[in-house]
Each structure stands twice: as structure tokens, then as C-alpha cells.
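This notebook records what I looked up in one structure.

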Amino acid sequence: MNRIEIADLLYDNLYKNKEKLKQQFVESSNKIGFFYLDNLLPKDIALLIYKSFPDVKETVERNSLREHKFTAFQMDKYNAILEEVIYSFQEPKIVDLVSKICDFKEISADKNLYAGGLSLMVKDNFLNPHLDNSHDKDRNKWRVLNLLYYVTPNWQQDFGGNLEIWPNGLKEKQTTIESKFNRLVVMATHQKSWHSVSKVTADNVRCCVSNYYFSEKALLPSDSFHVTTFRGRPKEKMKDIALQLDNKIRSAVRVLFKKGVRENPHQYKKK
């Protein structure tokens, strides 16, 4: 299937559930707006996407105090269906419909897949609580929506690897959104949208298709430029201190070098 055909399927399902999704987003928008939709694509297509994911040996490992996961973004190296499904979320009618569901204006997709693409997590992988970096690669637009499409069959909540959002800050209990097969989660990103991924406990690979939408305007008046900002979990006191220091160092570098000391390699560079 190509991106146009996949986008048609996405549109039909999103439009059919538009009012329910709007209500989900409105009810959570005073903290961290989000909605999710199950059975996003026909099961056979979702399974094909999953089976087409690369082995972790063919991806880029990110392993630090902040996170441990595998990413893939140079899409011409992988099965063509993966590029098609990623860019189906960037078709104008999908961007427009998601924007209307969230009541956002002037939203655009990111053809460069800056920090987007594919995400794979194996046993013991995790993502600490963090705020996504505030801008696109050129620091011209604000990141405003995070789209996560999960495709691992039979994934269960007790396998870990679930999205966690912290609507009341890191001192209060998080809300867990299961990384369920064929589920799309759309989440607002701003200065208060702390989120994380729980440690994977199963001998399995959690596979996710990721996209980000951007805007000329920030979502909150309080929003300001920031690098991806990590914190420790409530019980990780020493780790939290180390991560806060790490945030300050990386932020100071970006004051001196607007686009970083070197160009972020996590972007799709088509040949």
C-alpha cells in the first residue's frame, strides 16, 4: 500500500470517531491534552507494518541515563511500507483533521522526521520523564503534537513499555496509556507535558511509528525554547539531580550554538 491509500483509511476512521476524540482531548486539555483511538487500521495492514520493522541491529541505539531505546529514521534503508505509513500521517487531510479534533490552527507535519520515524524498545529499555524539545530542527516552529502508533501484536500492559503522562507534575501519580496493538495516541507537547515510557519487562519488542506536528505558535503563553529535558522518577533522587545538571549543560550549549555544536543526526536525509 502507498501513503495515499493508508491515509484514506486513517481519515475514514478518525473522521468516524471525530466527536469522541474531540471530547477526549477537551477533557484533558487543561493539563496535557491527548486522545487515543484503537483499531486504527485494518488488522492485516497493522500486522504487515509490524512484520516489516527492522531488527534492532539495523537501527540506532540510544543508551544513557536519560533513556534506552532504538530508533530508525533513514527510511530508505528499510521496507518501503514503513516510509509509506509514516508519511501517511503527514498527508494534508490527516494533518488538517487531527488539527480540527484538537482545535489547533496552522499545524504542519515534519518531512525531515526530526526525532520521529520508528521507535523500538526491548527488555529493560525505558524513557525517563521528559519534555520533548520545543522546536523543529531549524528552531523556526514549535512542536505541538506527538503522534504515536503502536503495532506490536498482543502487547499487554504488564509488559511495560507503556506511555505515561504526568498531568499534575512529577510529584503526583502518572496516567498510564497502554501501548496496545493498533492504537494511535495523540498528545499535546508544551512546557508542562511531562511524559515517559515505563521499563519493558517482556522478552518482546515494542514497535512504534512516531510523528510530530509543528506550529508557528506555541501552545502555552509560558512556553519557551528548551532542549529535550529529562528528570528522574519520584524515587530516583540521585538520578534526578544528575539529569537536571545534564539539562543545564545541554541548554547552555544551545544558548551559544543555536542548532547545537553539531547537526542532530536524527533526521531523514533522502538521497
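**Entry 1: cavities**

How many cavities of 30 Å³ or more does the structure hold? I worked on a predicted model, and I found that it holds two such cavities.

I began with the largest cavity, whose volume is about 80 Å³. I noted 13 residues in its lining. Those nearest the centre of this cavity are Ser 134, Arg 143, Thr 189, His 190 and His 226. Sorting the lining by class, I recorded four nonpolar, six polar and three charged residues.

I then looked up the second largest cavity, which contains about 40 Å³ of space. I listed its lining as Tyr 114, Asn 133, His 135, Asp 136, Arg 139, Phe 225, His 226, Val 227 and Arg 254. By class, I recorded three nonpolar, three polar and three charged residues there.

**Entry 2: strand β5**

Next I looked up the pairing of β5. Strand β3, residues 67-72, runs antiparallel to β5 and is joined to it by three bridges. I found Phe 70 opposite Leu 120 of β5. Strand β12, residues 206-215, also pairs with β5 in the antiparallel sense, here over five bridges. In this pairing, I recorded Val 209 of β12 as the bridge partner of Leu 118.

Technical notes. Residues are numbered from 1 along each chain as its sequence is written. This is a predicted model: local features need pLDDT of at least 70, side-chain atom pairs count only at pLDDT 80 or more; totals for chains, interfaces and linings use all residues. Side-chain values use heavy atoms; hydrogens and water are left out. Two strands pair if DSSP finds at least two bridges between them. Helices (H or I, at least four residues) and strands (E, at least two) are DSSP runs, numbered from the N terminus. On a 1 Å grid over the protein atoms alone, a cavity is a set of points where a 1.4 Å probe fits but cannot get out, and a pocket is an open set with protein on both sides within 12 Å along at least five of seven lines; lining residues have an atom within 4 Å of a point. Grid points are joined across faces, edges and corners, and a volume is the space filled by probe spheres set on the points. Ala, Val, Leu, Ile, Met, Phe, Trp, Tyr, Cys and Pro count as nonpolar, Asp, Glu, Lys and Arg as charged, and the others, Gly among them, as polar.
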